Amino acid sequence: MKFSYVSYLKCPKCSERYESNQKQQLCKCGSPLLVKYDLEALKEKFRREELKNREPNLWRYHELLPVQNEENIVTMGEGMTPLLPMNRIGKDMLIPNLLMKDEGIIPTGTFKARGAAVGVSKAKELGIKEIAMPTNGNAGAAWSLYAARAEMKATIVMPTDAPKITRNECAVSGANLSLVEGVISDAGKIVQQAVNEHGLFDASTLKEPYRIEGKKTMGLEIAEQLGWKMPDVILYPTGGGVGLIGIYKALTELVSLGWVEGNLPRLVAVQSVGCAPIVKAWREKRGDSDFWEGSSTIAFGINVPKALGDFLVLDAIYKTNGCAVAVEDITTLEEQQRIASLEGTFICPEGAAAFVAARRLRKNGWIKEKETVVVLNTGAGIKYPDTVKVDVPILTDA
Ligand SMILES: *Cc1c(COP(=O)(O)O)cnc(C)c1O
Ligand SMILES: [Zn+2]
């Protein structure tokens with residue numbers, strides 16, 4: 001048995017093929033590259049029941065991941081996060097079968113750990129010693145920490161108002177961190193310059209092919225946790241859209257393998273009204289998005305004015321009869337509080353926005369009462385301590 005059934009990289013735009021055992025960035029046409037596996041061979045040699053005895057982390061799916069030699073795996077035990085029933089909040093929004101995939105308990109506190117674990121492991125396998133990337137905070141934190149574990153150097157650029165804790169995570173791991181006034185695309189320009197001048201490996205969102213593969217494991221886990229049945233709807237807070245592209249890719253691969261049956265779930269991209277390029281494009285029935293000027297939202301992980309993989313996100317939405325929803329920050333914060341008080345789960349604002357979207361889509365009938373609905377909570381609320389305002393009485397002796 002091979003450890004990985006990776007076979008090559010393919011451009012989803014122009015169909016050009018590339019080798020997966022050499023360093024690759026974008027296709028020469030400018031598109032991100034997708035990893036292809038020999039699913040025919042895997043289907044013949046492997047049965048999903050064999051997964052049962054494996055460790056509860058994302059590497060249990062190593063046949064469907066790009067790392068070829070097990071020794072190159074850089075792991076902190078990430079993956080197999082809980083798929084929690086959300087009975088009280090589900091009752092409140094009239095979705096009795098409401099589930100939350102909770103990424104808040106993964107190393108580094110956000111699902112960015114999945115992309116970093118697989119991305120850094122594959123980079124190590126390819127002999128890469130130094131990576132560079134722009135970030136809204138969480139990705140930079142995760143990649144810095146996994147890079148440290150892999151004895152790799154990391155150069156990170158983030159906006160000045162990215163969550164403080166993510167700045168600290170980069171710094172404490174020894175990354176070469178710089179701040180920039182502006183948004184992630186401004187950080188991206190600086191990284192591009194450094195990459196051109198110093199020949200660093202560019203680990204920006206979708207500029208290397210393997211972060212998607214890490215995030216894909218959320219889709220594999222949801223399917224396995226539901227006993228290889230598809231949910232009806234999956235809602236995902238969408239910035240660069242890697243998670244949504246990844247989940248779609250995972251479920252498509254599982255269908256090819258014959259491990260799951262039925263229609264793919266309808267995929268919902270959730271954004272903030274302060275930064276909603278995908279929602280706007282979807283409303284206009286377009287295949288790609290425009291740069292969102294002056295973007296701003298407290299849900300920092302989804303403050304991405306223009307995603308390189310926008311066409312892949314939109315394609316996944318159209319192919320699954322999904323939709324895209326924009327949510328106000330104030331409503332997001334109310335939902336975050338309601339969920340904490342009803343369920344005991346302190347989730348991140350991005351995740352809370354996705355719950356608001358579920359509530360709205362149920363209200364307007366797009367989600368039916370009997371449907372099984374999975375909301376991705378992409379990170380821990382404790383990474384955003386400033387989103388909760390408290391006014392607590394201080395007791396004094398009478
Ligand atoms: C990055 C991030 C997102 C958005 O993820 P994409 O895959 O880039 O769309 C959502 N939530 C949190 C907490 C994030 O850090
Ligand atoms: Zn191409």
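Predicted model: local features only at pLDDT ≥ 70, side-chain atom pairs only at ≥ 80, totals over all residues.
**View 1. An open sheet of three strands, in the order 2-1-3.** The pairing here is antiparallel, and strands 2 (17-18) and 3 (34-37) are the edges, each pairing on one side only. Strands are DSSP runs of E, at least two residues, helices are runs of H or I, at least four, and both are numbered from the N terminus. Two strands pair if DSSP finds at least two bridges between them. Strand 1 (residues 6-10) and strand 2 have two bridges, in the antiparallel sense. Look for lysine 10, which stands opposite arginine 17 in strand 2.

**View 2. Four cysteines hold the zinc ion (ligand 2).** The SG atoms of Cys11, Cys14, Cys27 and Cys29 lie 2.2 to 2.3 Å from the zinc ion. Donors are N, O and S atoms within 2.8 Å of the metal (3.2 Å for Na, K and Ca), and with water not among the atoms, sites may look incomplete. The angles among the four donor atoms run from 104 to 119 degrees, making the site tetrahedral (for four donors, all angles between 85 and 135 degrees). Along the chain, the donors follow the spacing C-x2-C-x12-C-x1-C. Cysteine 14 belongs to the loop between strand 1 and strand 2 and cysteine 27 to the loop between strand 2 and strand 3, so this pair ties together parts 13 residues apart in sequence. Buried means under 20% relative accessible area, exposed over 50%, and partly exposed in between, using a 1.4 Å probe and protein chains only.

**View 3. Two residues with positive phi, serine 15 and asparagine 321.** Most residues other than glycine have a negative phi, so both spots are worth a look. Serine 15 has phi near 70 degrees and is partly exposed, with a relative accessible area of 44%. Asparagine 321 has phi near 55 degrees; its place is the loop between helix 10 and strand 12 (323-327). At 58% relative accessibility, asparagine 321 is exposed.

**View 4. The largest pocket, with about 640 Å³ of space.** Of its 40 lining residues, Ile184, Thr205, Gly240, Val304 and Lys306 come closest to the centre. On a 1 Å grid over the protein atoms alone, a pocket is an open set of points with protein on both sides within 12 Å along at least five of seven lines, a cavity is a set where a 1.4 Å probe fits but cannot get out, and lining residues have an atom within 4 Å of a point. Grid points are joined across faces, edges and corners, and a volume is the space filled by probe spheres set on the points. Helix 6 gives the most to this lining, with four residues. The lining of the largest pocket splits into 16 nonpolar, 17 polar and seven charged residues. Ala, Val, Leu, Ile, Met, Phe, Trp, Tyr, Cys and Pro count as nonpolar, Asp, Glu, Lys and Arg as charged, and the others, Gly among them, as polar.

**View 5. The second largest pocket, with about 330 Å³ of space.** Sixteen residues line this pocket, and Leu34, Lys36, Tyr248, Lys249 and Thr252 are the closest to its centre. Strand 3, helix 8 and helix 10 (310-319) each give two or more residues to the lining, and helix 8 gives the most, with six. By class, the lining has nine nonpolar, two polar and five charged residues.

**View 6. The largest cavity, of about 30 Å³.** Its lining includes Leu42, Phe46, Tyr61 and Trp259, and has six nonpolar, no polar and three charged residues.

Notes
Residues numbered from 1 in each chain as written. Chains lettered and ligands numbered in written order. Heavy atoms only, no water. Tetrahedral: all angles 85-135°; square planar, octahedral: opposite > 155°, others 65-115°.
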